Structure formats: C-alpha cells, structure tokens
Amino acid sequence: MKTGLYPQLALNGIKKNKRLYLPYILTCAGMVMMFYIVSYLAKGDTITKLRGGTMMQFCLMLGLGVIGVFSLIFLFYTNSFLIRRRKKEFGLYNILGMGKLNLAMVLIWESLIVSAVSLVSGVFCGILFSKLAELLMLNILQLETSFSLSISFDSIVYTVILFAAIFLLILLNTLKQISVSKPIELLRSESAGEKPPKANWIMALAGVAIMALAYYIAVTIESPTDALMWFFIAVILVIIATYLLFIAGSVAFCKLLQKNKNYYYKTNHFVSVSSMLFRMKRNGAGLASICILCTMVLVMVSSTVCLYIGEEDSLRKRYPRNISSDVTVSEIADLNADNFKPISDTALKVVEKNGEQAENVLNYNYAVLDGVYKDGKIITSKVESFSDLTMVFFVSLDDYNRIAGKNETLTDNEVLISTTKNLKYKENNIEIEGGKTFEIKGEVDKFVDNYLDVMNVSPSIFLVVKDFEAAVSPMMNLAGYKGNPLVNLHNFFGFDLSCAEEKQIDIYNTLCEQMKADGKQMSKWDCAANEKAEFYELYGSLFFLGILLGIVFIFAAVLIIYYKQISEGYEDQSRFDIMQKVGMNKKEIKKSINSQVLTVFFMPLIVSAIHLGFAFPMIYKMLLIFAITDLAFLIYVTLGCFAVFTLSYIIVYKFTSKAYYSIVSGVKE
C-alpha cells in the first residue's frame, strides 16, 4: 500500500467525522491553551516581582497540576467516544483487505494530525491570550502592568512535552483496542452491550449508604478545623457514591418508570425510557461524570467568588484599624496605661505632622489563653484533640463598656461571653483548669475584631471580666509545650485615617522610623494599606484560579454531554427510523427526544444541587477560616452562581437536543 494513502485516509476520516473530531480538537487545543497560560503566569517574572508572589505561584502551580492530571483523564474519556464511533469503519476497512498494521498506520497519522493541530493552535492561542489572562489577574489583584507581549519558551516546552505524552498514551490505548478486536467485533461495536442490564441493588444500596455517610459528615461537622480535615474525605465519598447511584440506581429508576403504566405507555415516554434502559450502564458513568463536574464548578466558583467579594471585609477583620500596634508583655503590671502613653502620643503626633487626624481610636488590654474547650471546661494541661484547640480572650469590663458603649455590671465571679466561628456555648458556667470558674451572666453579640482570632483556624471565646488582674493572675504560671507560657498579655492601640492609602503607607513608614529613633522598638506596627497587596494576592489568586478551573470543568461537562448525545443519536437513528416506518411522525419523535433528553440531561444538575446543599455547611465553616462570617452573603453568592450555571446548562441542553434530533430524524442542521 502506498505510503501517501495513509495520511489521505486519515484526513478523509477526520473530515467525514467532523461532527465528532472538531469538538475534540477544539477541546484538546483549549486544554493546551489553559495549561500554557497557567504555566506562563506561574513561572513569569510578573508574579515573582509581586509581594506575596510566592503564595500566588503556589496556587497557580497547584492549578497547573490539576489541569495536567485532569487533561490526561478527560482526553482519554472523550477519545473513547471517538473510537467507539470509528470502530465500525475500521472493521469495514479490515474486511476489505486492510490488515491491523495498515489500520495502525491510519490511526498514527490521524493522531499526528490531531496532535499537531491541537498543539500548534493551543500554544498559539495560549501565547495570544496569555497577556489578557495576566491583565485579568492583575486587575483582580488591583495592580498595574505593562502591555508588552512576552513568550515563555520554558512553558511552551513543558506544555508540548506533557500533551505529546498524553496523545501518545491515547494512541497506544487505541492501537491496543484495535489489535485485540476481531473484524466482526469492530463492525458490531456500536450495538455491543445492548442487553438491558439488571438492577444491581447491592451497588445501589452501597451508593446510598456511602452518600448518607458523606452527607452526615458534611452537616454534622462543627469546627472549621474539622471541616478542613474532613472535606476531601467527604468529596471522595461523594464521588464514589455518585458513580454507584448513577450506574446502579439509574437502571432501577428506569425499571420503576416501566412499571408506571400511566407514564410508560405513552409514545414519547415509551421509546425514550426503553432506549435509556438499554444503555444505562454506560449512561450512568457519563451522567455521574457530568454531575461531579457540575458540583466541582458550583462549589469552587461560589467559594472563590465569595472570598473575592468579601476580601475587603476580611482585610478589615484582620486589621481592625488602618494603623495599629499590638504589644506583648510578660507581666500584668506592664499593662499599665502609663507604659503605653508615650507610644500612642508619638503616633498621634506623627499623624498630626502629616496634616491628618486619627479617627476611631481603639485602645485596650487583653490576655489570651491557649487551651482546649470541652464540655464547659477549658483544659490547659493536655491537648486531647487539635480540632478542640481554643483561644480564650480576657477583656476587662471597663474596656468593654468603653468600646461597646454599654453600661454592664458584673460580680467578681460573673463574666459576659462572646464566641466566634460559629461556636455555640450552651453551659451556664465556664471552668478554667489552673484558673477560676466563672458563672456566665449573659452573651454579647461580639467584641471588636481581633487579628489573633481571625488568623486562628479554630473558634475563640471572649470573656469580659470585672477584675482583669484577679481573673488572669492565677493562670500566669501555666506552661505548655516546651515550657512556653499558655497566657500572653497584649496591649492594642490603633486608629483609622481618612486619607488615601498611599499617604497612609507614608505615615506608617514615618511612624516606624520615629519609633525606632525613640528607642520604642518593642512596639510592632501594622498598616492595612501596606499589607493589602499581599492580602489581596492570596484571595485574588484563588479567585482567578477558580475562574480558570471553572472554565475548564464547564467545557469538560459540555463536551461530555455533547458526545453522549451525539453518540447516542447515531445509535438511536436506526431505531427511530423503524418507528417512523411503523407510523411514528416527526412531532412524536421530537416529543420522545425531549422526554429522553430532559430526563437524562437534568438529572446531573438536580443531583449536583443536592450535593451543593449538603456541602454548604462544610463550605461555610471552611470560609470562616478566611474570616468570611456573613452566612446570608454566602447564601446569596451560592444561589447566584447556581442560577448562572443553570442558565448556561439550559443553553447547552437546547444545543445538544437539536443536534440529537437532527441525527435521529435524518434532518440536516
């Protein structure tokens, strides 16, 4: 056989099956493009030069790994649709005299053409859109950059090597399938596995049990630390259960529909349910994949959008005032106001010299105890569980009344309590091991935001005491790991400025220099505007990564849906042709198609909504770690993301339903 015939047959095969190959090539190019863009951003000088660039590079490299692994799995999965459709054609070639070696040469040329087109177009689009992605990322981070276009040759090399390896593995897998198949098996490949599967109740019940366990974990987790540790376990359980339920449960669902005579014995339902049942084992895996991808998109996008929109509020909680100082001392006597007055006076003078006025001045003393909360007791001698690790803050009644504008009264053994991060304290008293036992007079909504609490992944307890020294003194000798004291004493002083952030940073720098010149190096100052860039880079990079991965997963879900409908359309074409010959008209065919597509298509969306609902409590508790405490805000963001995603899903439904109808009815698009 002439060598030039192989590339010609390969090109003809791609052209004749363009309905299948064009989306596949576009997907391959899209994956290549996304991988190059993330690699370009992760390794580029722009990120390296930014404050917090190390954290951004870590997030982007994490995303790069996710895209690489996902590309391998997803391209293998979508290629299986292509090969299943082409096997009949290869079987015909085999019968007409082409040997397995000849078929292998055709497949090699097809793979070379698809790989070359995908790599060239993907890298070209990656270079073209890399600057746009960089501008988008820096806009999210509220930073500026130049408009010069640059090319990362290292990223091109990494991208080409990775995807060349993926295409090679796909080719080897295809050659293996063809080599072990007989010509008659290739010809009948599209009708293989047409026996209606039996409902596997063991798998279905196992899926229900595993899903119930995953849901139980999600709704019963109380601590943000526990939520962080159990999240990935719950995700794995949900993935396993989803596959089991869609594969085994979907068959049972179809059989139940068949038993419902009022539903089943209708023209549009009879054909669709029967058709679904014959392929439900394969359908179940595809539907489960779509459901998991939808859930991943919804969870990831809603979480990162919430983080990004709420970053200003989180920054304020981390830095309660624009400029602040938190001084740690070793003795209660050192918290005397006279010791800190020179520091605060110097700060206020620096502000006045710069023509500004300090606003919302906040100044108070507090003590923080590291312990473990358990059943109304703060254990200080032994940490039994990291998830119960709790910081207990002590604040004097005078400071609380002054700051909160209240006029509360307490006896020596009474306290007011406030908790953070969704901790519910239900006991009537609180016992501190090595300290005192206090009766709880009442609960206050909250004290002022404290950066130690915001930075801590565990919840905190604030106690307002009448006599600060009498409450804290008994605990001063408590020691923990390596003899470190369990109680730390702090003085907080901070204020807001109404000037621009650039001037706030100038005042902060001047203040630090003045403190150093005056020998007051014990005071460490923070400036919210100065730390804003690094703070936003963490939240912004997570949001940007969420957008990129969301786009990748949405495209993946759309392509799986498209290929599933197209491949099933070709398989159903002969069946509907027979139905037309026995009297079924075009209108009835369209009703049957809509019934089948609606039943199958929206099942993953409904189940993903249920997954999201049960995952919501765990997501909320994890976001508490990032100081996102507004539950209503998270609900609105999640519902908004779901509404947008549902709208996109409906558009895809309209498109795939039309393509499916055009195939089975023989109507050209």
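**Reading burial, pockets and contacts**

A: Buried means under 20% relative accessible area, exposed over 50%, and partly exposed in between, with a 1.4 Å probe and protein chains only; Leu486 is therefore buried, at a relative accessible area of 10%. This is a predicted model, in which local features need pLDDT of at least 70 and side-chain atom pairs count only at pLDDT 80 or more, while totals for chains, interfaces and linings use all residues. Residues are numbered from 1 along each chain as its sequence is written, and side-chain values use heavy atoms, leaving out hydrogens and water.

Q: Where does Leu486 lie?

A: Helices (H or I, at least four residues) and strands (E, at least two) are DSSP runs numbered from the N terminus, and Leu486 sits in the loop between helix H17 (468–472) and strand E9 (487–496).

Q: Is Ser115 buried or exposed, and what does its side chain reach?

A: Ser115, in helix H5 (residues 100–140), counts as buried at 11% relative accessibility. A polar contact is a pair of N or O atoms within 3.5 Å, where within protein one must be able to donate a hydrogen and the other to accept it, and residues adjacent in sequence count only if both atoms are side-chain atoms; the Ser115 side chain reaches the backbone oxygen of Ser111 at 2.6 Å.

Q: Which helix gives the most to the lining of the second largest pocket?

A: Rolling a probe the size of a water molecule over the atoms shows where empty space is left. Helix H2 gives the most, with 10 residues.
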